[in-house]
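Please walk through this structure with the sequence to hand. The paragraphs below take a helix, then the strands, then the aromatic rings.

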Amino acid sequence: MVEFNGVVFCYDRTEVLHEISFSLGKGEVVGLLGPNGAGKSTTIKIIAGILAANAGTISVAGLPLPERAVDVKQRIGYVPEAAVLFESLTGQEFLELSGRLHDVEEETLQARIRDILETFGLSSDRVSRLDTYSKGMRQKILIAAALLHNPDLLLLDEPLSGLDVNAAILIKDLIAALAAEGKTIL
């Protein structure tokens, strides 16, 4: 699913990634571990097509990055470490926007929104504006948005940030279920 070969990335003159190589297969769940500044978020952003490597080769589902970044983005769900939400939208509206941007058929989209809001315990909050959501609720909405288009690859940067213990267990169970379906999770 992901091939990351000899990747180098620099911020200004500081090399953050030095010839990093790894591969991820279908159904694998892999965590990146390391201290702050080790390049974990940078690696995820490169795979998401947000940043371009200075050297090396990257492919997702056989598609080279950055040349096919738009096609890659259709196949991934991405939850950034620090996301900015459209706070004037309701949870329902935000998820509808996210699904429509991924061209999810309307009937399918509405069913997926209902299911995921129920799974995350947010059904009663779906018509509340995002600026009233707690940090944990915002994180759940971001994860929900990343799942709506049924991506093959899920990129999660600090996915449990702001979640209580029960929500963290729910997300871990969800990740295991997605992997069992053949989805790849980083």
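**From a helix to the strands**

Serine 98 is found in helix H3. The model is a predicted one, and every value below is computed from it. Is serine 98 buried or exposed? At 13% relative accessibility, serine 98 counts as buried, because the cut-off for that class is under 20%. Leaving aside residues up to four places away in sequence, serine 98 touches Ala145 and Leu148.

Helix H3 covers residues 91–101 and also holds leucine 97. Leucine 97 has a relative accessible area of 33% and is therefore partly exposed. Which residues form a nonpolar patch on the surface with Leu97? They are Phe86 and Leu101, and the accessible area of Phe86, Leu97 and Leu101 together is about 320 Å².

The strands come next. Strand S1, residues 2–11, pairs with strand S3, residues 55–60, in the antiparallel sense, and five bridges join S1 and S3. Within S3, serine 59 is the residue that stands opposite glutamate 3. S3 also pairs with strand S4, residues 63–65, again in the antiparallel sense, over three bridges. Here valine 60 stands opposite leucine 63 in S4. The two strands S3 and S4 form a hairpin, with two residues between them. Alanine 61 is in the turn and has a positive phi of about 55°.

That leaves the aromatic side chains. How many aromatic pairs does the structure hold? There are two aromatic pairs. One joins phenylalanine 4 and phenylalanine 22: the ring centres are 4.8 Å apart and the planes lie at 25°, so the pair is stacked, since planes under 30 degrees apart count as such. Phenylalanine 4 lies in strand S1 and phenylalanine 22 in strand S2, residues 14–24, so this pair ties together parts that are 18 residues apart in sequence. Phenylalanine 4 has 0% relative accessibility and so counts as buried.

The rings of phenylalanine 9 and tyrosine 11 also pair, with their centres 4.8 Å apart. Their planes are at 80°, so this pair is edge-to-face, a class that needs planes over 60 degrees apart. Phenylalanine 9 has a relative accessible area of 6% and is therefore buried. Tyrosine 11, with a relative accessible area of 38%, is partly exposed.

Notes: Residues numbered from 1 in each chain as written. Predicted model: local features only at pLDDT ≥ 70, side-chain atom pairs only at ≥ 80, totals over all residues. Heavy atoms only, no water. Patch = residues over 30% accessible without salt bridge, like charges linked within 9 Å, V, L, I, M, F, W, Y side chains within 5 Å. Areas by Shrake-Rupley, 256 points an atom, 1.4 Å probe, with all protein chains shown as cover. Salt bridge = Lys/Arg side-chain N within 4 Å of Asp/Glu carboxyl O. Helix = DSSP H or I, 4+ residues; strand = E, 2+ residues; numbered from the N terminus. Buried < 20%, exposed > 50% of the residue type's maximum accessible area, 1.4 Å probe, protein only. Pairing = 2+ DSSP bridges. Phe/Tyr/Trp six-rings, centres within 6.5 Å; stacked < 30°, edge-to-face > 60°. Contact = heavy atoms within 4.5 Å.
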